[in-house]
Amino acid sequence: GRAVPAQSYSVNLRMIESFLPIITLTLSVSGIALVIASVLGFPLGAWLALARVPGKRLIEALIYTGMAFPPVVVGLAVYLLLSRSGPLGWLGWLFTPWAMIVAQVVIALPMVAGLTQSAIEALDPALRLQLRALGASPAQTMWTLLAEARAGVISALIAAFGSIISEVGAVMLVGGNIAGSTRVMTTAIVLETRQGEFELALALGAVLLSLTFVINFAIMRLGQRREVAPR
């Protein structure tokens with residue numbers, strides 16, 4: 001058979017050795033950030049849709065501003081917070097995965113809250129009146145409306161996940177792109193491209209796109225199953 005150059009073996013071996021830690025860290029950081037943003041964002045979005053309190057418009061303005069905030073500015077803000085001279089410097093999180101998680105939560109939270117609020121406000125107002133007439137508590141009302149607005153809630157999840165798993169500037173600022181510690185797929189793609197390792201960069205890009213598609217598809221299927229499940 002035709003001999004394969006030794007250089008090809010070394011490149012393939014390097015690709016295999018580099019992939020797994022980077023993929024694992026990427027999914028861990030973005031997964032934890034998405035869970036935290038969802039736990040905080042769903043109730044906040046529902047509260048904004050249902051509450052009538054002073055200052056609500058200001059909170060809404062902050063959330064919608066956060067949805068359009070440049071991620072690199074978020075990274076800079078988190079960097080200053082977690083630096084040694086910053087108010088949270090005592091945590092020692094800068095240039096660790098925890099700093100990257102914080103940055104991704106800040107990016108994802110406004111998106112989850114804002115889209116959740118819009119989804120609940122789009123529901124028929126009569127549903128809220130029916131729930132109140134049946135004696136539902138505020139918590140029961142919130143969870144029922146979240147379930148009814150599942151399509152919007154799932155869209156919020158998908159949008160938030162897509163925004164953080166594809167982010168580069170913020171995670172590079174607060175994580176430092178340290179090999180074996182804070183290097184995720186997006187920062188690895190930038191590094192390999194700068195070094196002229198286009199084969200590895202393209203392979204990482206293909207894996208990132210594939211993972212994003214699979215996870216988004218799984219989230220959509222989960223929402224569809226709940227929608228058709230018998231009550």
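1. Helices, in the sense used here, are DSSP runs of H or I with at least four residues, numbered from the N terminus, and Leu-40 lies in one of them, helix H1. The model under discussion is a predicted one, and the points below should be read with that in mind.

2. As to the overall architecture, the protein has 10 helices and 0 strands, so that, by the DSSP assignment, the order of elements from the N terminus on reads α-α-α-α-α-α-α-α-α-α. Of the contacts with a separation of 6 or more, 73% are accounted for by residues 24 or more positions apart.

3. On burial and surface, the protein has 231 residues, of which buried residues make up 40%. Its accessible surface comes to about 12,900 Å², and carbon and sulfur atoms hold 69% of that surface.

4. The largest nonpolar core has 51 residues, and those with the most contacts inside it are Ile-120, Leu-146, Val-174 and Leu-204. The elements that give two or more residues to this core are helices H1 (6-50), H3 (71-82), H4 (97-121), H6 (138-148), H7 (150-165), H8 (169-175), H9 (185-194) and H10 (198-228). Among these contributors, H1 supplies the largest share of the core, 11 residues.

5. Val-174, one of the core residues with the most contacts inside the core, may be examined individually. When its neighbours within four places in sequence are left aside, Val-174 is in contact with Gly-75, Val-78, Tyr-79, Leu-94, Phe-95, Thr-96, Ala-99, Met-100 and Ala-103.

6. Thr-186 has its place in helix H9, and it counts as buried because its relative accessible area is 6%, where the cut-off is under 20%. A polar atom of the Thr-186 side chain lies 2.8 Å from the backbone oxygen of Glu-167.

7. On the surface, Ile-32, Val-35, Ile-36, Val-39, Leu-40 and Trp-98 form a nonpolar patch, with about 540 Å² of accessible area together.

Key:
Residues are numbered from 1 along each chain as its sequence is written. This is a predicted model: local features need pLDDT of at least 70, side-chain atom pairs count only at pLDDT 80 or more; totals for chains, interfaces and linings use all residues. Side-chain values use heavy atoms; hydrogens and water are left out. A nonpolar core is a set of buried Ala, Val, Leu, Ile, Met, Phe, Trp, Tyr and Cys residues joined through side-chain atoms within 4.5 Å. Buried means under 20% relative accessible area, exposed over 50%, partly exposed in between (1.4 Å probe, protein chains only). Contact means heavy atoms within 4.5 Å. A polar contact is a pair of N or O atoms within 3.5 Å; within protein, one must be able to donate a hydrogen and the other to accept it, and residues adjacent in sequence count only if both atoms are side-chain atoms. Patches are made of residues with over 30% relative accessible area and no salt bridge: like charges are joined within 9 Å, nonpolar side chains (Val, Leu, Ile, Met, Phe, Trp, Tyr) within 5 Å. Accessible areas come from the Shrake-Rupley method with a 1.4 Å probe; for residues, only the protein chains shown count as cover. A salt bridge is a side-chain nitrogen of Lys or Arg within 4 Å of a carboxyl oxygen of Asp or Glu.
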